[in-house]
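Subject: Structure handover

Hello,

Here is the structure I promised to pass on. Please open it alongside this email and follow the residue numbers as you read.

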Amino acid sequence: MTAPRAIRQVFLAVEQSEGAGARVRRSIGTPRLRNFSPFLMLDHFTVHPGAGFPDHPHRGQETITYLLKGAVDHEDFAGNAGTIEAGDLQFMTAGKGIMHAEMPRQNMDGSANIGMQLWVDLPEKLKACEPRYRDLRAKEIPQIEVDDGKTSIKIISGQSHGIDSVQELAYTPVWIFDVTIRPGGKVTQELPVGWNAFAYTLSGTSLFGSAGKDKQTVEKFNTVVFEQEGDTVTVEVDRSAEEDGRFILVAGLPLDQKVVQYGPFVLNSQEQVYQAMLDYQSHSNGFERAAGWRSEIGKSMVH
């Protein structure tokens with residue numbers, strides 16, 4: 001017997017500055033939504049030519065970057081480098097420490113690079129693990145059609161309508177779906193019981209909820225936060241709508257641990273945060289290779 005999840009809150013992600021000239025719509029990680037374990041931050045970023053995210057450190061979290069338009073180069077102090085393009089994802093585990101740069105490509109037509117970046121907390125026992133990267137290419141992501149072809153679902157991670165994603169790419173269990181519903185379409189997605197879940201709307205107007213007063217009409221750039229109770233989420237798009245409704249649906253296993261965050265350092269106590277800052281400044285305990293390192297792609301910043 002399935003039970004629908006109620007909606008806890010819906011709020012607009014307001015655009016703000018971040019990095020070097022980038023613009024982001026941040027939802028998780030703002031006063032509207034904190035302590036939503038395992039999720040730490042969600043940014044919907046837009047980066048125009050000459051802007052980006054030059055050399056910066058991380059410790060204690062995983063980042064999941066999903067590119068919607070354009071291309072982003074990445075490079076770190078361990079010699080890892082590569083590019084993700086539209087439809088691709090990169091899963092990065094910071095672990096005990098990483099320093100890297102994420103620099104969007106300069107598109108020939110001058111258009112912006114657009115994507116999503118989600119920060120996911122690491123279990124305390126894995127905070128000091130070795131850093132790692134996993135790229136997931138668009139062509140590797142299973143895509144299914146439901147409701148007589150009126151709904152498309154990209155199964156980035158997890159399971160939908162009996163189809164599994166390619167592999168688990170994050171240490172903390174997370175399900176991620178990219179859903180597009182055409183006018184008159186509807187979808188009900190099952191989610192693991194007890195996991196925290198949210199949706200972020202990318203375009204169109206969608207109706208979230210399964211019955212009467214629990215239904216809410218949600219326009220683009222909003223975050224829909226669901227209650228933990230229940231195991232299904234239902235979304236539809238009105239038959240008279242002028243455009244498709246598209247949203248990212250995400251669920252994750254809550255971690256029973258304290259979160260202490262200072263910028264890019266996410267640990268479990270104030271003392272550990274102080275230690276991370278000291279380690280970064282002294283190039284020790286995971287940050288040895290940060291000494292004197294500058295990324296090649298970061299040098300391309302237009303000042």
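**What was found**

Phe 221 sits in the loop that links strand E21 (216-218) to strand E22 (222-226). Helices (H or I, at least four residues) and strands (E, at least two) are DSSP runs, numbered from the N terminus. This is a predicted model, where local features need pLDDT of at least 70 and side-chain atom pairs count only at pLDDT 80 or more, while totals for chains, interfaces and linings use all residues. Residues are numbered from 1 along each chain as its sequence is written, and side-chain values use heavy atoms, with hydrogens and water left out.

Is Phe 221 buried or exposed? Phe 221 counts as buried, at 18% relative accessibility. Buried means under 20% relative accessible area, exposed means over 50%, and partly exposed lies in between (1.4 Å probe, protein chains only).

Asp 147 also has a positive phi, near 55 degrees, and is not a glycine. Asp 147 belongs to the loop between strand E13 (143-146) and strand E14 (151-157). Asp 147 is partly exposed, with a relative accessible area of 29%.

Next, look at Ser 37 and Pro 38. A cis peptide bond joins them, with omega about 10 degrees. Pro 38 is in the loop between strand E3 (22-26) and E4. For background, most residues other than glycine have a negative phi, and most peptide bonds are trans.

**The whole chain**

The chain has 1 helix and 26 strands. Its radius of gyration is 19 Å, close to the 19 Å that the globule rule gives for 303 residues, so the chain is as compact as a globular protein of that length. That radius is taken over C-alpha atoms, and the rule is 2.2 Å times the number of residues to the power 0.38. The C-alpha atoms fill a box of roughly 60 × 45 × 35 Å along the principal axes.

Of the 303 residues, 54% count as buried. Now take the contacts with a separation of 6 or more: residues 24 or more positions apart account for 72% of them. Contact means heavy atoms within 4.5 Å.

**The cores**

A nonpolar core is a set of buried Ala, Val, Leu, Ile, Met, Phe, Trp, Tyr and Cys residues joined through side-chain atoms within 4.5 Å. The largest one has 28 residues. Which of them touch the most other members? They are Phe 39, Leu 89, Phe 91, Leu 118, Ile 156, Phe 198 and Val 250. Several strands each supply at least two residues of this core, among them strand E4 (39-47), strand E9 (89-93) and strand E24 (245-252). A second, separate core has 24 residues, including Val 179 and Leu 249. In soluble globular proteins, nonpolar side chains tend to be buried together.

Leaving out residues up to four places away in sequence, Ile 156 touches Tyr 66, Leu 89, Phe 91, Leu 136, Ile 141, Ser 165, Ile 176 and Asp 178.

**Towards the ends**

Arg 5 comes in the segment before strand E1 (7-12). Arg 5 is buried, with a relative accessible area of 6%. Lys 299 is in the segment after helix H1 (270-282). Lys 299 is partly exposed, at 42%. Lys 299 and Pro 54 are 245 residues apart along the chain, yet their C-alpha atoms are separated by 8.2 Å.

Best wishes
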